[in-house]
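At each stop, select the residues named and look before reading on.

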Amino acid sequence: MPSLLSQSEKRHLVIVGAGMAGSKLAHDLRQVYGHLYQIVLIGEESKVGYNRIMLSSLLANDISPADMSLVDTQKMQDDGVQILSNDSVTSLDLEAKTLTLSSGQVITYDQLVLATGSRASVLPIKGVSASNVMGFRTWEDVDVMTQLEGRRSVCVIGGGLLGLEAAVGLVKRGHKVVVFHRSNWLLNRQLDEESAELLLNRLEQMGIEFRLGESPESFLQADDGRVSHVICQNGEPLAVHLVVMAAGIYPEIALAKSAGLATNRAILVDEQMQTSHPDVFALGECCEFEQQTFGLVAPIWTQINVLMKVLVGEEAAFFIEPTPTKLKVSGVNLFSVGKIQPSEEDSCILFKDVSANHYRKLVVNDGLLVGAILYGNVADGSWYFQLIQNKTNVSELLDLLVFGEAYCCPQVA
């Protein structure tokens, strides 16, 4: 049994940011090391501890608000975690170990974790500051979109995952949607041109219109200041009621930077998730380790496990592992890992079944699988990922590799 400490003997841990990373850290730390800590979780949003990944499903009406919880915030509070929502941190004093909130409250800490996440990138387009131009990052953003009544015209800027999910959700709600995307094909970081073409056809069948290789020239504002038209590069005006900016994200580091912590694109951390200042740590989308930032759940969950041990003085170290991207856009399953654009020294294995909406591309180099794209049937994704991670020589399997594990390893299928 852990020794029982009085409240005054417990360490004060403050977590700034009540998104997925911060709220899960607070939840897990309370469960494992709650006898050692008084935990304060601070969030600028009114809703905390929800699963941000499910926002697109909520927008599409596939789930209800009750399905959005990542952690049970009520139970956490019953167990002694102090949650301060709808209150942002305005300043951090590293020497005094204090935080000042927008409400005026001053919080002291023994250890501090910054989990401030990221913001939606805003493209430098004239008129972008209008009230009906918004991002797609929070529950409040979804609330704005769900309040659109009737059949409205919406422009989505960005054909990455977030932009496509916003477009699908809005089309499902009966709106007319046009997506602008600077690249010549959708999900250009995860898919090649051929698999992206299959996805494009599927989404066009749903009624989404696309303008690929193009960003809006400007936004035309009406007398009330709202954007009334999106001006295309050819000068064509598109009437709109709402513009959704989904052109990427950037780490939220303003607090860390103003306090004097070392930053680059994000808050710099070492393998213990420690910043440039003792007793101050960072994790999730706001941190940078070995010149990499993190937007996928898997490495962030690993960071949480490492940080929990580090906080209590145990040995642990974070290191970067290749992470597969599993995506689901309107019922279409996608899987992407490793190198997706082969170079001259690589060989490529392709399989395509248009009638079944099924596509596979494997990239092999010197007998090793180094990349894979699966569209439609992604059942073998984790097997391909293991082959890449384990550096398994697949030279003997090349004829059957594209058909998956059942053909290559029938004894284990």
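Which residue just after H5 takes a positive phi? Select Gly-174, which has a positive phi of about 95°. Before going further, keep in mind that this is a predicted model, in which local features need pLDDT of at least 70, side-chain atom pairs count only at pLDDT 80 or more, and totals for chains, interfaces and linings use all residues. Residues are numbered from 1 along each chain as its sequence is written, and side-chain values use heavy atoms, with hydrogens and water left out.

**Helix H5**

Now select residues 161-172, which form helix H5; helices (H or I, at least four residues) and strands (E, at least two) are DSSP runs, numbered from the N terminus. The expected span of a helix is 1.5 Å times one less than its number of residues, so the twelve residues of H5 should span 16 Å, and the 16 Å between its end C-alpha atoms agrees with this. Nine of the twelve residues of H5 are buried, where buried means under 20% relative accessible area, exposed over 50%, and partly exposed in between, with a 1.4 Å probe and protein chains only. Among the buried residues of H5 are Leu-164, Glu-165, Val-168 and Leu-170.

Next, select strand S4 (89-93) and strand S6 (106-108), together with strand S5 (residues 98-101). These strands make an open sheet in the order S4-S5-S6, with antiparallel pairing, and two strands count as paired if DSSP finds at least two bridges between them. S4 and S6 are the edge strands, each pairing on one side only. S5 is joined to S6 by three bridges, and if you pick Thr-100, you will find that its bridge partner in S6 is Val-106.

**The hairpin of S24 and S25**

Move on to strand S24 (residues 347-353) and strand S25 (residues 358-365), an antiparallel pair held over seven bridges. In this pair, Ile-349 stands opposite Leu-362 in S25. Four residues lie between the strands of the hairpin, and Asn-357 takes a positive phi near 55° there.

**Two nonpolar cores**

A nonpolar core is a set of buried Ala, Val, Leu, Ile, Met, Phe, Trp, Tyr and Cys residues joined through side-chain atoms within 4.5 Å. The largest one has 59 residues, and Val-14, Ile-15, Leu-99 and Leu-112 are among those with the most contacts inside it. Helix H8 (residues 297-311) gives the most to this core, with seven residues. A second, separate core of 43 residues includes Phe-136, Trp-139, Ile-340 and Tyr-375.

Select Asp-380, in the loop between strand S26 (368-375) and helix H9 (381-389). Is Asp-380 buried or exposed? At 12% relative accessibility, Asp-380 counts as buried. Leaving aside residues up to four places away in sequence, Asp-380 touches Arg-360, Leu-374, Phe-403, Gly-404 and Glu-405, where contact means heavy atoms within 4.5 Å.

**The cysteines**

How many disulfides are there? The count comes to zero, where a disulfide is a pair of cysteine sulfur atoms within 2.5 Å. Cys-232 is in no disulfide, and the nearest cysteine sulfur, that of Cys-155, is 7.9 Å away. Cys-232 is also buried, with a relative accessible area of 1%. Finally, select Cys-408, whose sulfur is 5.8 Å from the closest cysteine sulfur, in Cys-409, which is too far for a bond.
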